[in-house]
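Please read the briefing below alongside the sequence and the 3D view. The points are grouped by topic.

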Amino acid sequence: MHLGFGVLLGAWIVLPLIPLMLWFVAGQWRAPDILPGTYSAQGLIELFSPQIQSATATSAALGTSVALVATPLGLLAALAIRRLPRTHSRFVEVVLLTPLAIPPFALVMGANVLLLRIYTPSFSAVVLVLAVAALPYTTFMFRSALASYDDRFEEVARTLGANARQTLAHVRLPLLAAATARAAFLAFLVGWGDYIATLLIGGGQLRTLPLILGSAAAGSGNEQLTAALSLAVIGPPLVLLAALSAPRLRERIRR
Amino acid sequence: MSERLPERASRRALLMAAPAVLPVIVVLAGALFAGLLQSLGLMPFTGEPQLSFDAWTTGSGEILQAAGISLYIAAASTTLSVVMGFMIAAYILAMPISGRVIAGLSAATIPIPHLIAAGTFGLLLSDAGFLARVLGMPEEFPTFVGGPWWGAAILEYGWKESAFVALVVVGSISRRVGDLCDAASTLGASPRQRILNVVLPLALPSLGISAIIVFVYTLGSYEAVWLLGPISPEPLPVRAVRLFGSVDLAARPDAMATALASVAVGVVAILAGLLVLRRFKGLR
């Protein structure tokens, strides 16, 4: 009975993704057939079309830029929160959480006019707004990593004669490497999967994967393209996630 | 000298926080202020600024209706995701081996953006979608996509956010729950009793926090309600984005008023949620 419950939960999680997989490999799939009538590699070929290739590159650039901005700033903010007196640190914490409370579309719509007035190029404008949206996540990641961080490691290094830079390079950064990877991953996702900021600020100039997917999914008869684009969006982060968790898994097995 | 040292350290810490705090304040305050000015006609796209409360007065009926729909969608999605998320979390915590499989599957859905999830729920739930085909295309198959109850959008939010709720609950109580469950089972508690009398009370605070986050998120989320909802009536985000993208630039103030109304509803929801949470803490 318990296993049956687990199967039901598994179905809840996996079932919505099945039509995606099937449409990706389907050739002809007419209702009311439960399975595709013919299979084809068209979806796979679609992924290598110049349009999707360049959209993938744009999305990757957007995700990477957001990560490059939001990760170091999140680390600095988390370190500052730890050192500041309580009243100040509460202020910093609350400010860095507020982007979560503002609906992204409202933020983007308000900011759009300002960014237009100061002639910000649309790519940098999208990066700026998304970095603000990603900062709560990166700060939180570093906050929780620093909560279990032991300052004595650095003190020992200093007692052993390491200077500030050596302590930073050989003690603090390696100890925070895992948190950095997680924070950067989350920030990358914010840019990689964004739809609304790219749509409203980019104004159609930035052709990212989600933007193409949005117009494909809104039209009818684009099931195959929708499926191919969805997998193009889901795939790379899952590979990244597997790469990030592989060392930890190996360690667990060795133990 | 010794008194100044902490002051200097704290000034340095403030400088460290500045590169993160300043852009957030500038973007948020700038966006809200520019939105307010535009909703009042004081920052027009073209032409002379002219103070007008039209977007707020003549549009108030539609904004209120949109807010009602958004609150309904957010409430239904939050309920679904909290219930499903708790069940997933309880299963992960109670079942050491098969729980790990569920934990892995559930965590793998977290990086999927809502837009993609909305697209796949369209493929699953539309009139001739996968589910209808599996069931043999019954006549009475409900209109999930574009239907009057936003069924597909609510299921999409519930599905995506249940994984988030499970992640938060497992992350916050997994260390404490193991020993307590062992103790309860030594005392003869059945799995059902362990879940209802040990796991649930421990999980309540994290369920509360994640419910607030999910509620506010779904309130302001655009993709699923746009792709999977009916064309009319519209929830807040759909109305705001449609008016914003309208060729008629005179619709801008209405778009901004709708956006600011969404911000206000979200803030009220957070405050109400925190108040309820605090009341609960007080009770214990």
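Where does Met137(B) lie in chain B? Met137(B) is in the loop between α6 (130–134) and α7 (151–186) of chain B. This is a predicted model, in which local features need pLDDT of at least 70 and side-chain atom pairs count only at pLDDT 80 or more, while totals for chains, interfaces and linings use all residues. Residues are numbered from 1 along each chain as its sequence is written, and chains are lettered from A and ligands numbered from 1 in the order in which they are written.

**Confidence in chain A**
- The mean pLDDT (the predictor's confidence in each residue, from 0 to 100) of chain A is 90, and 96% of the residues score at least 70.
- Among the elements of chain A, the lowest mean pLDDT, 83, belongs to helix α13 (residues 223–254), and the highest, 95, to helix α4 (residues 50–83).
- Helices (H or I, at least four residues) and strands (E, at least two) are DSSP runs, numbered from the N terminus.

- Met137(B) is not a glycine, yet its phi is positive, near 45°.
- Met137(B) counts as partly exposed because it has 13 C-beta neighbours inside 10 Å.
- Trp150(B), in the loop between α6 and α7 of chain B, is also not a glycine and has a positive phi of about 55°.
- Trp150(B) counts as buried because it has 25 C-beta neighbours inside 10 Å.
- A residue is buried if 20 or more other C-beta atoms lie within 10 Å of its own, exposed if 12 or fewer, and partly exposed in between, with C-beta atoms placed from the backbone.

**A cis peptide bond in chain B**
- Ser232(B) and Pro233(B) are joined by a cis peptide bond, with omega near 0°.
- Pro233(B) is in the loop between α9 (223–228) and α10 (236–244) of chain B.
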